[in-house]
Amino acid sequence: MSDVHLIAITVNGTRHEVAVEARRTLADVLRHDLGHTGTHLGCEHGICGACTVLVDGQPTRSCLVFGVQADDAEVETVEGLAGADGALNPLQDAFGSHHALQCGFCTPGFLMLATALLRENPDPTDDEIREAMASNICRCTGYQSILEAVRAAADGAAEPAAP
Amino acid sequence: MKPAAFDYHRVDRVEDAVVRLAELGEDAKVLAGGQSLVPMMNFRLVRPPALVDITRIPDLRYIGRDGDALRIGALTLHREIETLTDPEIVRGYELLPRAARWVGHYPIRTRGTFGGSVAHADPSAEWCMLAVLLDATIVVTGPAGEREVPAAEFFLGFFTTALEPGELLVEVRFPRPRPHAALQEFARRHGDFAIVAAAVAVDVDGDRIADARIVVGGVDEVPLRIEEAERVLDGAAPGGEAFAEAGRVAAAAVDPSADVHGSADYRRELTAVLVRRALAEAIHTDRGSDGDGRG
Amino acid sequence: MAAGDGRLPVTDAEAAANGGRWVGRPIRRVEDARHLTGSASFVDDIRRPGLLSIAVVRSPHGAARIIGIDTAAALETPGVRHVITADDLGDLERLVPRLDRPEFVAVEMPLLAGDRVRHSGEPIALVVAETPHGAEDGAERVAVEYDPGPAVMSIDGALAGGAPTVHDEGNVLLDVDFHDDAGLDAALHDAAFVLEETFDSARLTALPMEGRACLAEWDDRDQRLTLWTSTQVPHLVRTTVAALLRMPEHRLRVVAPDVGGGFGQKCVVAREEALTCVAARIAGGPVKWVEDRQENLVSGYQGHEQRFHVRAGFDTDGRITAVAADILCDVGAYSTHPFTCGVEPLMAATELLGPYAVRCYRARARAVASNKAPMAPYRGVSRPQMVLAMERLLQKAALRLDLDPVEIRRRNLIPQDAFPWTGPAGLVIDRGSYHEALETCADALDTKAFADRRRAARDEGRLLGLGIACFAERTGYGTEAFNQRKMVVTPGYDSALARMDPSGGVTVYVGTSGHGQGHLTTLAQVAADRLGLDPTAIEVRQSDTDATPYGWGTFASRSMVVGGGATHRAAGALADRLRRLAAHLLEAAPDDVDLRDGGAVVRGSPDRRLAFADLARVAYLEAQKLPAGEAPGLEEHASFDPPGTFSNATHGCIVEVDPDTGAVAIERYVVAEDCGVMINPAIVEGQVRGGVAQGIAAALYEELIYSDDGQLQTASLMDYLVPTAAEIPAVEIHHLETPSEFSETGAKGMGEGGTMGAPACVATAVADALAHLGVEVDRLPIRPDRLLAAMRAARDTEGSPAR
């Protein structure tokens, strides 16, 4: 094994120390070193966005960042969105109630992208939502339900999560 | 698509980057935002034996005014340009935040860097085009110290610049504001690299155009300044006829290649259209109208 | 977790108004929780101790002889454990996809290439290593010596005299004179006019967001092999892989875990599925292959590259009197199993006439080989291409006769009172709402006002166009329908097992295999209505060949009709059994017992009730209380095998063409669709929107482009243009409902309709915008550079019909 580095990376609030080969991407590290398989790989060249996570609060294509670069970083993934009791957060709930997912493979990437958008811009226009969501590819939904879900989450009008 | 193995180095000072690059030899590559480099590594199109990660050098992230000049540190994120609103800094340079919205997509802009894009030298990349358009100076540092390269001499070919082995791009400096400036792009999908892009800047002297600049991307190996089209505009009255003529002359002056996204003739057609549209937009941009530059 | 409608608040009154039924309600999907929280399990998420990774060495050439393969350097690569070539596969059965018809040419699809490669991306060797990174390192070092040859890269190239041959058997793998009405030549001769046109559609790839992936593990204790694979057809994979490996089928378990889309690319058996199993035996431990996007583009199965030469005769009223078609499909280098390279040409020939009342027909259909990746049925399968042909023919005729586009379709659609309609080649189309859908779509778009709007826009220098496409979507085919194809295996029926366990919990095992369609929800809705239970109290299980009865998986828009039919019957049989048992225990007649709210109750006597848990306890644990002749336990198996049933839809859109750049923007997109009884309207709408997005992609963006020597030039997502949310408009959907007489619930399938209508809808709209210039739109995708060139070359035709 070539160049290995010990990194400290905080994922969804939990700190991990892990030895990683330099060429493993953050996606590889999250998925296989840390077992957080919710982040998916759809292209590994930065186009599809299925691998989107937040790094230090910024939406990031984890297939384009090496794990070693995330040393000392705070990473948020889809596994960290729900409440401690497992309750879906309003964005997740809005995706469910608006049928914004079908096969689910692109869903974590869209959730993290939307999370970043709404944190930075809690009251986006429809055009701003479409512009941001155009960063990721979905093959199943035709996008409309995703845009509606993000709209609903922004409006705070998401259905309450089912108990 | 996993990259070939490499050794990873991280530095937090410019001097250390220069020393490390010298030690590692000319096959080592600088890692900044990675948004262009890492996909190529994942495809194994490039296989640098070593990467020097410069992203944690704090001194390279800044945007500031120095009189008329605008200075942008190499590690400034695209997103930071996009969200630049401070009038003290941006006045006269509003084209840059407008152009930033064309750079890839939102998550690319939160990671990719201004300097990285210029050093990568894709001829249709927005910052490369604007550097040529606005006569920027590229500030570079290396084993022999710091030097300045005019943008017109910096881009040498596809993905090829005047950076010598072991040199690091540290700043891009724009000398003077050009309030009448615009960028128009055409791509098949939102966020794609432009098939053709046109960047223009003009001064309006009374009711005549002066000091026109026209740069087209996607028609050559480098962002191409089209002086023949500029001459059409100098002293002309701003308006549809002059803009259309400049567009026609620009189209006739370029010799683009074909690829899967468009034929050579199409690129010529787009050159004419986008130059014309960019000029029409540029004339009004000093009034703060927010042309969105969609081609 | 209590159920609730996602978008509609459900009051007791609304539920009662729906007859208390679950079918028809847009309830939230039970599948969603895992995906929303990142706890889904796709193949690459599965962890097994000692798991090794496979990288596949693939041909870079379109056509070449293999002189030699040197694996020494690969074997010395750090982390590499094994390198497997064709010689190492052992005594496997040959994979020869076949149709039992004389016009079909069967060719072997090698699992690993031997002495010849026939498409770039063809697998040549497997490298098994500790990590995917190491496996790729090793794969780079497998030294293959090639002697490249000339490649066949187009239909014309394949058919040219003296062309190189993809196979020794030649380049035409199927040549069928599908149908030939004796009066056709006379009908064309007597027609008021004949249009003779050629329509071309580009080669596409399904591009599911998850590529293909397999993980195989041999269990020494049980002497069984488990294959997790991203497939649409787990039983078919089991049957085929077991046969290829010459192992007893019951010793192979195939599981499709969460699957990230398929769209047909995964409804055929992949070479890598068998290869991963062989590698697991050789490695002595679990191994996985996870296709990356480049592999998926280069070597994933492709489709839709078709050319239609059509002659259509019209009378003076614009009615089609006869159609003669010569259909050519570029099927790539091999047939895929089981549908073979015949699937596209045969479907095209069978269904070309669509919803139009044409009585005189001739069709020849050919599968033409090329040195491209093999074809597998991609969503829509020839329907997008045939609808393009028919709708453009009608548009051209309408232009010639100065007929309104809606009117010419009114005149040609099968009359509403003529169903069931038997077409000239014997295809029977059951009742639908073809005319109503056309009128609904036309009204929504206000087509009557459009001519004025188009004219006014043109005065301002803007180019607007209106497009319409009507089609019939064949769904839910059963055995008899598939039998017409003469495949070596005949799909069609499906099976379900409904079981109540001793605690009263219900599980339904179904042979279909959802991968985004929400089956765990919709099939539960179907079963819920039979059993008087809340759907969230019913667990639906699919996609595990150890658990479910034999089924054909999910493709061809079959699952709600066939899987739903089997579910309806099995749940119904279980319900009957519960009623019999309850009647016995409650001393009532079975006909007087209702199943409601999780129990059985005598109608009119609410106190005479037994909960399901009580009934199940008797059936399993107190068998002494069973009625005479009743078996213990509570499970019922059922199958369903329908003839098939047609959905219908009309798509309409308004586009604007940029006169300077040739770019096309879609201003509005409307769908009026009828899929019979909707099990879950939210899911139906999702399928429409997703299908329309892929159809718009086919119309305007996607195209696999090969070089003359066989290289794929669009081998990344930068170059193969899958549209984003910025390119796909909102779709307005209007629902009609003509219940199917051939399904248990009245549902029809509808998963592919979006892809069928959209290409023609967009093409006719662009043609409409440019008709005054005489620009034809007969080739997809509509690329801005080609469109602009056509606009420049055309002239504003004087004397064209007043518009």
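Which residues of α8(C) are buried? I will come back to that in a moment, after a word on how to read what is on the screen.

This is a predicted model, in which local features need pLDDT of at least 70 and side-chain atom pairs count only at pLDDT 80 or more, while totals for chains, interfaces and linings use all residues. Residues are numbered from 1 along each chain as its sequence is written, chains are lettered from A and ligands numbered from 1 in the order in which they are written, and side-chain values use heavy atoms, with hydrogens and water left out.

Let me start with chain C, which has 21 helices and 30 strands, where helices (H or I, at least four residues) and strands (E, at least two) are DSSP runs numbered from the N terminus. For its 803 residues a compact globule would have a radius of gyration near 28 Å, and chain C has 28 Å, which agrees; that radius is taken over C-alpha atoms, and the globule rule is 2.2 Å times the number of residues to the power 0.38. The C-alpha trace of chain C spans about 90 × 75 × 50 Å along its principal axes. Of the 803 residues, 66% count as buried, meaning under 20% relative accessible area, with exposed meaning over 50% and partly exposed in between (1.4 Å probe, protein chains only).

Now to the opening question. The buried residues of α8(C) are C:Arg271, C:Glu272, C:Glu273, C:Ala274, C:Leu275, C:Thr276, C:Cys277, C:Val278, C:Ala279 and C:Ala280, so that ten of the 13 residues of this helix are buried. Helix α8 (residues 271-283) of chain C should span 18 Å at 1.5 Å a residue, and its end C-alpha atoms are 18 Å apart, which agrees; the expected span is 1.5 Å times one less than the number of residues. After α8(C) comes C:Gly284, whose phi is positive, near 75°.

Staying in chain C, please look at strand β10 (residues 213-219), where five of the seven residues are buried. Two strands pair if DSSP finds at least two bridges between them, and β10(C) pairs in the antiparallel sense with strand β13 (residues 287-290) of chain C over four bridges, one of which has C:Lys288 as the bridge partner of C:Leu215. Six bridges join β10(C) to strand β11 (residues 224-229) of chain C, again antiparallel, and there C:Thr229 is the bridge partner of C:Cys214. These two strands, β10(C) and β11(C), form a hairpin with four residues between them, and C:Gln223 in the turn has a positive phi of about 55°.

As a reminder, strands of a sheet pair through backbone hydrogen bonds, either parallel or antiparallel.

Next is helix α5 (residues 144-155) of chain A, with ten of its twelve residues buried. What covers these buried residues includes α2 (90-97), α3 (107-120) and α4 (126-133) of chain A, together with α19 (681-700) and β30 (731-736) of chain C.

That brings us to the largest nonpolar core, which has 222 residues, and in which A:Phe95, A:Met133 and C:Tyr669 have the most contacts. Such a core is a set of buried Ala, Val, Leu, Ile, Met, Phe, Trp, Tyr and Cys residues joined through side-chain atoms within 4.5 Å. Leaving out residues up to four places away in sequence, A:Phe95 touches several residues, including A:Ile146, A:Ala149, A:Val150 and C:Leu36.

Finally, in chain B, B:Val11 sits in the loop between β1 (7-10) and α1 (14-24), and it counts as buried because its relative accessibility is 4%.

Technical notes: Contact = heavy atoms within 4.5 Å.
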